[in-house]
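Visitor: I am new to reading protein structures. Could you walk me through a few features, one at a time?

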Amino acid sequence: MTRFLTSAVSAAQWPESEREYLLVGRSNVGKSTFINCLFGQKIAYVGKTPGKTRMLNFYQADGFTLVDAPGYGYAKRTQKEQLLYRKMMNEYFARRKALKEVLILLDVRRIPSEDDQIMLDYVRQSGIPYRIVITKTDKQSRNQNIQAVNKIAAELGEEKETFILTDIRRKDVYQELLKQFSGKEEDLSI
């Protein structure tokens with residue numbers, strides 16, 4: 001049974017976890033939609049206004065915990081809020097032993113931003129395993145997606161074959177991810 005556990009800003013508030021996956025991405029990239037599709041239920045709030053998530057949100061599933069980080073790059077955040085975000089994320093990356101992988105979500109319709117590149121560089125330097133998840137592929141044609149994925153891969157210096165392409169109509173992709181996150185499947189080939 002999947003359930004929301006808690007929202008937290010510091011290590012003292014983090015729930016116990018042995019296997020954790022972190023979602024990061026700019027505001028309005030589709031993290032809440034990704035969570036709802038992954039779990040097959042409306043468990044995360046999908047807002048019309050970007051930048052609503054301000055803390056780490058922890059969701060408990062079968063065999064793992066999914067953590068939703070606040071979106072970055074949202075212009076209406078104050079300088080103080082941006083500093084608090086950096087502090088919270090630095091603490092999480094430095095101290096969270098249960099973290100198995102970071103999923104960096106990118107909107108297929110957008111070229112990666114400077115903030116996306118900063119996050120990717122940070123994760124690369126940390127040595128934490130990561131994968132690129134391309135969201136919103138249901139919003140444009142297959143040919144547009146192919147062109148966009150090629151551009152994103154070139155921009156980031158990543159192999160496009162390692163990307164996970166998500167589409168709200170493709171439940172099989174989310175089912176495979178669930179199996180992998182819970183430790184019931186070793187490899188994900190999409």
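Guide: Gladly! A strand here is a DSSP run of at least two E residues, and strands are numbered from the N terminus. Keep in mind that this model is predicted.

Visitor: Which strand holds glutamate 20?

Guide: Glutamate 20 sits in strand S2, which covers residues 20-25.

Visitor: Is glutamate 20 buried or exposed?

Guide: Buried means under 20% relative accessible area. Glutamate 20 has 0% relative accessibility, so it counts as buried.

Visitor: What does the side chain of glutamate 20 join up with through a polar contact?

Guide: Its partner is the side chain of arginine 96, at 2.8 Å. Beyond its neighbours within four places in sequence, glutamate 20 also touches other residues, including Phe58, Val67 and Tyr92.

Visitor: Now the rings, please. How is a pair of aromatic rings described?

Guide: By two things: the distance of the centres and the angle of the planes. In this model the count is 10 aromatic pairs. One of them joins phenylalanine 39 and tyrosine 59, a tilted pair with 6.5 Å from centre to centre and 45 degrees between the planes.

Visitor: Why does that pair tie together parts that are 20 residues apart in sequence?

Guide: Because phenylalanine 39 belongs to helix H1 (residues 31-39), while tyrosine 59 belongs to strand S3 (residues 56-61). Phenylalanine 39 is buried at 10% relative accessible area, and tyrosine 59 is buried at 4%.

Visitor: And what kind of pair do tyrosine 92 and phenylalanine 93 make?

Guide: Edge-to-face, because their planes stand at 70 degrees; the centres are 6.2 Å apart. Both tyrosine 92 and phenylalanine 93 are buried.

Visitor: Which residues do ring pairs link into a cluster?

Guide: That cluster consists of Phe4, Tyr21, Phe39, Tyr59, Phe64 and Phe181.

Methods: Residues are numbered from 1 along each chain as its sequence is written. This is a predicted model: local features need pLDDT of at least 70, side-chain atom pairs count only at pLDDT 80 or more; totals for chains, interfaces and linings use all residues. Side-chain values use heavy atoms; hydrogens and water are left out. Helices (H or I, at least four residues) and strands (E, at least two) are DSSP runs, numbered from the N terminus. Buried means under 20% relative accessible area, exposed over 50%, partly exposed in between (1.4 Å probe, protein chains only). A polar contact is a pair of N or O atoms within 3.5 Å; within protein, one must be able to donate a hydrogen and the other to accept it, and residues adjacent in sequence count only if both atoms are side-chain atoms. Contact means heavy atoms within 4.5 Å. Rings of Phe, Tyr and Trp (its six-membered ring) pair if their centres lie within 6.5 Å; planes under 30 degrees apart count as stacked, over 60 as edge-to-face and the rest as tilted.
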